[in-house]
Amino acid sequence: MRTPPTRRARGTRAFGSPLPKPFVLVVAAVLAVFGWWAASGATPAAATPTQSTQATQATAAARPDFRLPFACGETWQLQTYEGHAPDDKKLDMYRVGGQTLGASVVASAAGTVTEFFEPGGLEINHGGGWFSVYLHMDRIDVRLGQQVSSGAQLGRLGLVGTTSAHLHYEQLYDTNGDNNGETDEMVHPVLQGTEYRLSPAGPFPRVTSTNACGGNPAPERFWVDTFADAPGYAAVDCVGDTSPRCAVQGKLLKGTNYVLCKKAGDEVRVGNSYNHWWLLTDLDQVVPGGSGRAYISAYYLQRWGNDEAKDNEGRDIRLC
């Protein structure tokens, strides 16, 4: 048994349910031609965002393929409670059809164990600025600096810092660049392709783990065909926003390209064609001072219809 040193308290217990993302349909104008960009003339018409509908933080690196932090096939209920602070980002997990107390906790994605802290907790650095946090274990089976794969055993759930056995779980993204995940950098967790924004009012979702179940893992890059050159933006809420943060970063040229992940944002619409998904990718052409990694609208996908974001083989592109 390894006893983790006291570092910091992260949480105690919880209750909650996923809230639907607020998607607002927005009418967009036909693409304006930027001075540096020659229009491709491809059909259907390309589109330029014209109205902002939601604020969504851009992510510099693709989110890892986080899985439920329990063995393949186990079902767990996700909850939060009023005062969890923030209620909609912290998850508490309870076993369904089995014992919570004494259950094995596994890594939700590959990474390196970087920190131990109370109560019975540890943090994993997954690279690219992404971290995950696990609390309330009475036994920790890994050491600091150890590299772990998705599904690797981390420890055992106990009654450390809580009177009700459960796993407290968080995902964090390092926004200040200090290579550490802090409480104020917590994000809405995505597990097995689904984002959870829990409410203390419930209902409480039940999720079956696909962690380390075998089969082919999701690819790191998804290959897609685009019907026209697509402008890239640093954020996904730039429809109609002419501020400097929403300046065009460059463009992805028409043809076969890879994208890394997708994120919900402002809808782009031209006539009866529309899409609210945005795809993180590396641009072919970058404007002076622009970022080479940016978001393009899934409206430009050649093979799929409205509000779809799949690769050329028909696989759903994973969430950022």
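A: Start with a term: a residue is buried if its relative accessible area is under 20%, exposed if over 50%, and partly exposed in between. This is a predicted model.

Q: OK, how much of the chain counts as buried?
A: The share is 52% of the 320 residues.

Q: And how many helices and strands are there?
A: The chain has 22 strands and zero helices.

Q: What share of the contacts comes from residues 24 or more positions apart?
A: Such residues make up 70% of the contacts, counting those with a separation of 6 or more.

Q: What about the surface?
A: The accessible surface is about 13500 Å², and carbon and sulfur atoms hold 50% of it.

Q: How many bridges join strand 17 to strand 21?
A: Two bridges link them, with strand 17 covering residues 250–252. In one of these strands, strand 21, V286 is the bridge partner of G250.

Q: New topic: how many disulfides does a search of the whole structure find?
A: It finds three. A disulfide is a covalent bond between the sulfur atoms of two cysteines.

Q: Which cysteine does C72 bond with?
A: C72 pairs with C213, and their sulfur atoms are 1.9 Å apart. C72 lies in the segment before strand 1 (75–79), while C213 is in the loop between strand 14 (206–208) and strand 15 (222–226), so the bond ties together parts 141 residues apart in sequence.

Q: Which cysteine does C261 join?
A: C261 is joined to C320, with an S to S distance of 2.0 Å. C261 is in strand 19 (residues 261–270) and C320 is in the segment after strand 22 (293–297), so this pair ties together parts 59 residues apart in sequence. C261 is buried, with a relative accessible area of 0%, and C320 is buried at 6%.

Q: And C238 with C246, why is that disulfide left-handed?
A: The torsion about its S-S bond is about -75°, so the disulfide is left-handed. The sulfur atoms of C238 and C246 are 2.1 Å apart, and both residues are buried.

How values were computed: Residues are numbered from 1 along each chain as its sequence is written. This is a predicted model: local features need pLDDT of at least 70, side-chain atom pairs count only at pLDDT 80 or more; totals for chains, interfaces and linings use all residues. Side-chain values use heavy atoms; hydrogens and water are left out. Helices (H or I, at least four residues) and strands (E, at least two) are DSSP runs, numbered from the N terminus. Buried means under 20% relative accessible area, exposed over 50%, partly exposed in between (1.4 Å probe, protein chains only). Contact means heavy atoms within 4.5 Å. Accessible areas come from the Shrake-Rupley method with a 1.4 Å probe; for residues, only the protein chains shown count as cover. Two strands pair if DSSP finds at least two bridges between them. A disulfide is a pair of cysteine sulfur atoms within 2.5 Å.
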